[in-house]
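Student: Before I rely on the labels used for this model, I would like to go through them one at a time and ask what stands behind each.
Tutor: Then let us look at it together and set each value against its cut-off.

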Amino acid sequence: MRKCLLLSALFIFSCGGGGGQESKETMISTSGFTNPEPNIPLECYTDTGIVRYGKAVANPCYVCHTQANTPYMNEKTDFDLTFSYSFPESIIKAGNPWLNAIRPDLTLKDVPMPSDEEVKSYIKQDNWTEAYANRGKGELYYFPDLPPIYTYNGSYALINIDSEGFVREPSTGEHTGWRAFKWKPFPGFFPTNGRIDSTFIRLDKPFREKDGKLDINTYKKNLAIVECAVKGVQPGEVCKGTEVGDFTMPSYYEGDAKDVPVVVYQYPSGTEFAHPLYYLEPENTISYKSVRIREMRYMKKVAYADTRDEGGEEEEGKFFYDRGLVFNDSKNWLMAGFIEDKNGRLRAQTAEEMKFCIACHGGIGGSVDGTFTYWRKVPGAGGWMEQDYNLTAKSIKDWNYRSYEANVGPALERLLAFVKGEYQLYFAMTDGGDHFRSNAEVRSRISKDPTKISPVLSPEDNILNNPSLINYLDTDGYVKPDLFLPSAERAYGIDKQYIRIVKAQAFKFGRDVFDRPFGVSSGGNSLEKLTNLKETGVKTSGLWMVIKTLLLIR
């Protein structure tokens, strides 16, 4: 079955893309990787507080490792990882491999720190247009046919995108099928913590057409159906607040996709996502994003998930890789990634660099069908725009999602009734705005009293039991931009560190950086050594008692 899925998936992928070259099956061994487990991201190496303080004061792990949002995750949960702090033996022996974050003095010591002028000039240079022009060729074979959307000519401007978020082909103005949307960022994965991005979706041709011709109204309706499906609306229920109004969820899609069944919590086959990551650019008052992109990430759905299919590697110690293309963990998405070479041009990511992407997209409870954005889309027509992090249009509130509420069971339902929004819970559970409690700048933006965030460290007065302390919402209940966006000084500091990684081509040591090291030895809260892991989690600490109290677990 694996062989058939692989070949048919590559056929589907090639038909939807650029060149006519035949894709070849390539199995890559992981034995030569510097990082024995690049699929375990930096965020997993957080110290809950036991290493530094002798007790757990935070637990950001639950946002990814949680009771599954969707029923097809083999009806299982990876919530136990929140408490067991389980790492493979290879990592326990090697320690934290993401040295660019915790020990850049070792990995980047030969690369000088760029000046402010060098950074500002570099991030204004366009590397996306060249990659777009060369898509379908060589190592850019799988680069998506998505043209750049920013330009700089003394000031920043949006290009190739209309007022409804549809992306147009630069030379003809024709619809590409791609559409930008705005989403509520996943807890902790904010630009202030080093990552700023856009996301675009494209459904397969039959979903965009009626009688063989592009029909925008049909496309909008099918996009709305997909949006409601991944948010947990069942056929026969009313889907509310979409750009096409309220409607009863159908059992099948519309237009030329009328024979394709709606599967709740899943995208139909052929769905594509493009995900450019940018440098932080305070001068861009549209969205804080640079013209230069750090990465282009791409996914294409190739099959509905099968609850009988456990996923796993095709062969022991090997996985499929072809010019930046891999399968995700559940094997129902193809993923491609492109990153800067030392001269700033985009290149296909290596096998080790792509292995970094596999597990989060398909192997954790905190995602929906291997994704993190579309099921978090801002509802209605206001969600069909370039992600601006509320700089130009207020549209993000701290809400909880139906996809959380529909399948969480009685305990977590009680928690959601107690907590006003997921950010409120995340900040309280982490005692800060990132997984490592290392972003001091954001603390005063979260709470009017930065010492009163955590129910563990400030049990009598914190943002959970005293919502009047909350400082990240405006008077209308919208998230303030300064929660998401760093100061100019911090932004350029993060950019500088990342540029050093590019110049050193040291991505195998990590691509996530702050403006300074944040390992335990340098004053941060990222684990460097993984010893006594049984005591590093939270089940032996007072934090577990807080969780049990919130969940009313007996």
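Student: Where does Lys-289 lie, and what makes it count as buried?
Tutor: Lys-289 lies in strand β13 of what is a predicted model. Its relative accessibility is 0%, and buried means under 20%, so Lys-289 counts as buried.

Student: Which backbone atom lies 2.8 Å from the side chain of Lys-289, and what makes that a polar contact?
Tutor: The backbone oxygen of Gln-387 lies 2.8 Å from a polar atom of the Lys-289 side chain, and the cut-off for such a pair of N or O atoms is within 3.5 Å. Beyond its close neighbours in sequence, Lys-289 also touches a set of residues including Tyr-150, Tyr-156, Asp-197, Tyr-278, Glu-281, Glu-386 and Tyr-389.

Student: Which strands pair with β13, and what makes each a pair?
Tutor: Strand β12, residues 272–280, runs antiparallel to β13 and is joined to it by 8 bridges, while strand β16, residues 333–340, pairs with β13 in the antiparallel sense over 7 bridges.

Student: Why are Cys-228 and Cys-239 called a disulfide?
Tutor: Their sulfur atoms are 1.4 Å apart, and the cut-off is within 2.5 Å, so the pair is called a disulfide. The two residues, 11 apart, come from distant parts of the chain, Cys-228 being in helix α10 and Cys-239 in strand β10, residues 238–242. Both Cys-228 and Cys-239 are buried, and the structure holds 1 disulfide.

Student: Why is Val-260 called partly exposed?
Tutor: Val-260, placed in the loop between β11 and β12, has a relative accessible area of 25%, and the class runs between the 20% and 50% cut-offs, so partly exposed is the label. Val-260 touches residues that include Phe-207, Tyr-252, Pro-268 and Tyr-304, and the C-alpha atoms of Val-260 and Phe-207, which are 53 residues apart along the chain, are separated by 9.2 Å.

Student: How do you know that the length of helix α17 agrees with what it should span?
Tutor: At 1.5 Å a residue, the 17 residues of α17, residues 488–504, should span 24 Å, and the end C-alpha atoms are 24 Å apart, which agrees. Of those residues, 13 of the 17 are buried, so α17 is largely enclosed by the rest of the structure. Just after α17, Gln-505 takes a positive phi of about 50°.

How values were computed
Residues are numbered from 1 along each chain as its sequence is written. This is a predicted model: local features need pLDDT of at least 70, side-chain atom pairs count only at pLDDT 80 or more; totals for chains, interfaces and linings use all residues. Side-chain values use heavy atoms; hydrogens and water are left out. Two strands pair if DSSP finds at least two bridges between them. Helices (H or I, at least four residues) and strands (E, at least two) are DSSP runs, numbered from the N terminus. The expected span of a helix is 1.5 Å times one less than its number of residues. Buried means under 20% relative accessible area, exposed over 50%, partly exposed in between (1.4 Å probe, protein chains only). Contact means heavy atoms within 4.5 Å. A polar contact is a pair of N or O atoms within 3.5 Å; within protein, one must be able to donate a hydrogen and the other to accept it, and residues adjacent in sequence count only if both atoms are side-chain atoms. Lists of a residue's contacts leave out its neighbours within four places in sequence.
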